[in-house]
Amino acid sequence: MAVWLLEGQSSQRDLLQALRPVLPAEIPLYASHRKFRPEITDCADHAWREPADDAERVQWVLDTAQQQQIKLVWAGRRGQVYEPHRAEFTTAGIDLITGATSLQDLLDLDSKAIFAARCQQAGIPVASGWVVNNGQELAEVVAAQREQHALCIKPVHGIFGEGFWRLIDDLSPFRCFLTPDDRRVNTQLFIDSYTALSQPKPMLVMPYLSGTEYSVDMVCEAGQVIAAVARDKREDKTQCLMLEHEVIELARRVVALFGCDGIVNLQSKADAHGQQHVLEINARPSGGIGYTMHTGLNLAAICVLRRLGLPVPAMPTHSPVVVRPLTTSVLISNDSGE
């Protein structure tokens, strides 16, 4: 019996570090990545370099897992690649974690527009908007909505807030180049830049929500939340971690709707009246999953031990707790080679 974490975000390191102390010594912990990332893979007992090609990678993972008698394979950031092959893994006696249990649910989670539509149909408060595919459509939506709403925009597909901007009419056009982390851009500058693209990607224009933003990290099993930690994100860069909060109950409804499975992350934000609206669910562990350990709740251990049919140890918890993320360094080589 063994556990294998495939390529994930940098938080793959946090998951490995959370797992090794609680896994029985006789259960090997494997890790792999397509790139040279020893700061991640060195946290496992054994590490491999994954093939670059998706089709080749799936077959390699399946063959290797069988050879090494691996019981649990965690797909990390590439759940959509592995989910169509779930039956093959099951036949081989391997438990597969992809973030959900159907490819359609994973695809719907990846599309912010489809995700919002499904939440609306289920009566779940969600940040909805208007999909635009070119500069003309964007200009028309802005013209129709700018009087009723402060607006923001982001790609229909994306992670880590990539491409998110608040659209501000009277902002200096040069401001976004001086303070890009402020995520504010002159509306006409954005429209002109988007119009100039030869192959624009679909974008989602939404009313900007001005309230508190929350992130909920959850252990899920076929649409049921087993354990959860909510984090609020503050202007001073600290985060408050809570084991009980109304946003967790909101997250339970979304997890059930999409059949989430494994460790997933929900993002939500409040409007001016304090009502939370779901932004998205990432069908993978978040970049901040390591923060949740400060509550005493080891989400990675809960997820994996339950999958292996092993007892989950008692975990004395603390809530609420406030944390501040820090940047540190890890030595990966004492020369320029791999």
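Strand 7 (residues 151-155) and strand 10 run antiparallel and are joined by 5 bridges. Two strands pair if DSSP finds at least two bridges between them. This is a predicted model, in which local features need pLDDT of at least 70 and side-chain atom pairs count only at pLDDT 80 or more, while totals for chains, interfaces and linings use all residues. Residues are numbered from 1 along each chain as its sequence is written, and side-chain values use heavy atoms, with hydrogens and water left out.

Within strand 10, Met-206 stands opposite Cys-152, and Met-203 is the bridge partner of Pro-155. Strand 7 also pairs with strand 8 in the antiparallel sense, over 3 bridges; there, Arg-166 of strand 8 is the bridge partner of Cys-152. Strand 10 is in turn joined to strand 6 (residues 130-132) by 3 bridges, again antiparallel, with Leu-204 of strand 10 as the bridge partner of Val-131.

Buried means under 20% relative accessible area, exposed over 50%, and partly exposed in between (1.4 Å probe, protein chains only). Strand 7 is largely enclosed by the rest of the structure, because 5 of its 5 residues are buried. Leu-151, Ile-153 and Pro-155 point one way from the strand, Cys-152 and Lys-154 point the other way, and all are buried. Strand 10 (residues 203-207) has 4 of its 5 residues buried, so it too is largely enclosed.

**Cysteines**

The structure holds 0 disulfides, a disulfide being a pair of cysteine sulfur atoms within 2.5 Å. Cys-176 is in no disulfide, and the nearest cysteine sulfur, that of Cys-152, is 16 Å away. Cys-176 is buried, at a relative accessible area of 10%. For Cys-43, the closest cysteine sulfur is in Cys-303 at 18 Å, too far for a bond.

**Salt bridges**

A salt bridge is a side-chain nitrogen of Lys or Arg within 4 Å of a carboxyl oxygen of Asp or Glu. By this rule the count comes to 20 salt bridges, including these:

| Pair | Closest N and O atoms |
|---|---|
| Arg-78 and Asp-54 | 2.7 Å |
| Glu-83 and Arg-86 | 2.8 Å |
| Asp-182 and Arg-184 | 2.7 Å |

Salt bridges that share partners join Glu-50, Asp-54, Arg-57 and Arg-78 into one network. Glu-83 is buried at 6% relative accessible area, as is Arg-86 at 18%. Asp-182 is partly exposed at 34%, and Arg-184 is partly exposed at 22%. Arg-78 counts as partly exposed at 25%, and Asp-54 likewise at 27%.

**Surface patch**

Phe-174, Phe-177 and Leu-178 make a nonpolar surface patch of about 370 Å². Patches are made of residues with over 30% relative accessible area and no salt bridge, with like charges joined within 9 Å and nonpolar side chains (Val, Leu, Ile, Met, Phe, Trp, Tyr) within 5 Å. Accessible areas come from the Shrake-Rupley method with a 1.4 Å probe; for residues, only the protein chains shown count as cover. Phe-174 is found in the loop between strand 8 (165-168) and helix 9 (175-178).

**Whole chain**

The secondary structure of the protein chain comes to 12 helices and 16 strands. Of its 338 residues, 48% count as buried. The C-alpha atoms fill a box of roughly 65 × 45 × 45 Å along the principal axes.

Methods. Helices (H or I, at least four residues) and strands (E, at least two) are DSSP runs, numbered from the N terminus.
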